Amino acid sequence: MAIEIRVDQDRLGELVTVDEFIAVEEGKIKAIRDVLGRFVIGSDGQYMEPEAGVEIIGKLTINQLKETAEEFSRKARDAAVPPANGAA
């Protein structure tokens with residue numbers, strides 16, 4: 001089951017608390033499911049309702065969840081702390 005996760009700085013900053021972000025980074029499965037559910041893209045290209053996204057994430061296999069969580073973590077770190085632009 002391929003799902004699309006889209007992470008942008010505004011959505012991350014508005015919908016994810018520091019405690020949730022830490023729990024995801026620590027690999028807590030429930031936190032991963034609940035947070036990832038807020039970033040699932042539907043077939044219409046728009047964010048799904050969080051409850052529907054959580055349901056989809058909950059149906060993934062453990063291996064699929066691991067892959068999706070790693071993708072989310074990479075994107076979230078980039079969105080939370082954008083790379084330096086070289087300005088000093």
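Which residues does S73 touch, not counting residues up to four places away in sequence? S73 touches V24 and E25. Contact here means heavy atoms within 4.5 Å.

## About the model

This is a predicted model, in which local features need pLDDT of at least 70, side-chain atom pairs count only at pLDDT 80 or more, and totals for chains, interfaces and linings use all residues. Residues are numbered from 1 along each chain as its sequence is written, and side-chain values use heavy atoms, with hydrogens and water left out.

S73 is found in helix α5. Helices (H or I, at least four residues) and strands (E, at least two) are DSSP runs, numbered from the N terminus. S73 has a relative accessible area of 11%, so it is buried. Buried means under 20% relative accessible area, exposed means over 50%, and partly exposed lies in between (1.4 Å probe, protein chains only).

T68 also lies in helix α5. T68 is buried, because its relative accessible area is 8%. Leaving aside neighbours within four places in sequence, T68 is in contact with I3, I5, L36 and L60.

## The nonpolar core

The largest nonpolar core has 19 residues. Such a core is a set of buried Ala, Val, Leu, Ile, Met, Phe, Trp, Tyr and Cys residues joined through side-chain atoms within 4.5 Å. I5, V7, L12, F39, I57 and F72 have the most contacts inside this core. Three helices, α2 (18-25), α3 (29-36) and α5 (62-80), each supply at least two of its residues. The largest share, five residues, comes from α5.

L12 shows some of these contacts. Not counting residues up to four places away in sequence, L12 touches V7, F39, F72, A76, A79 and A80.

## Where α3 meets α5

α3 and α5 pack at an angle of about 65 degrees, and their axes are 11 Å apart. Axes are lines fitted to C-alpha atoms, for helices over the stretch in contact, and angles run from 0 to 180 degrees between N-to-C directions. α3 passes α5 in a left-handed crossing. That term applies if the near helix is turned anticlockwise from the far one by less than a right angle.

From α3, I29, I32, V35 and L36 meet L65, T68, A69 and F72 of α5. By class, this contact has seven nonpolar residues, one polar and no charged. Ala, Val, Leu, Ile, Met, Phe, Trp, Tyr, Cys and Pro count as nonpolar, Asp, Glu, Lys and Arg as charged, and the others, Gly among them, as polar.

## The two faces of α4

Helix α4 covers residues 50-58, and its buried residues are G53, V54 and I57. Seen down the axis of α4, these residues fall within an arc of 100 degrees, so they line one face of the helix. The arc is that of the directions from the helix axis to the C-beta atoms. An α-helix has 3.6 residues a turn, so residues three or four places apart point the same way.

What covers the buried residues of α4 includes β1 (4-5), α3, β2 (40-41) and α5. The face turned away from the buried side carries the exposed residues E51 and E55.

## Two pairs across the sequence

D19 is found in helix α2. D19 counts as exposed because its relative accessibility is 63%. D19 and A31 are 12 residues apart in sequence, and their C-alpha atoms are 9.5 Å apart in space.

G45 is found in the loop between β2 and α4. G45 has 26% relative accessibility, so it counts as partly exposed. G45 and E4 are 41 residues apart along the chain, with their C-alpha atoms separated by 9.1 Å.
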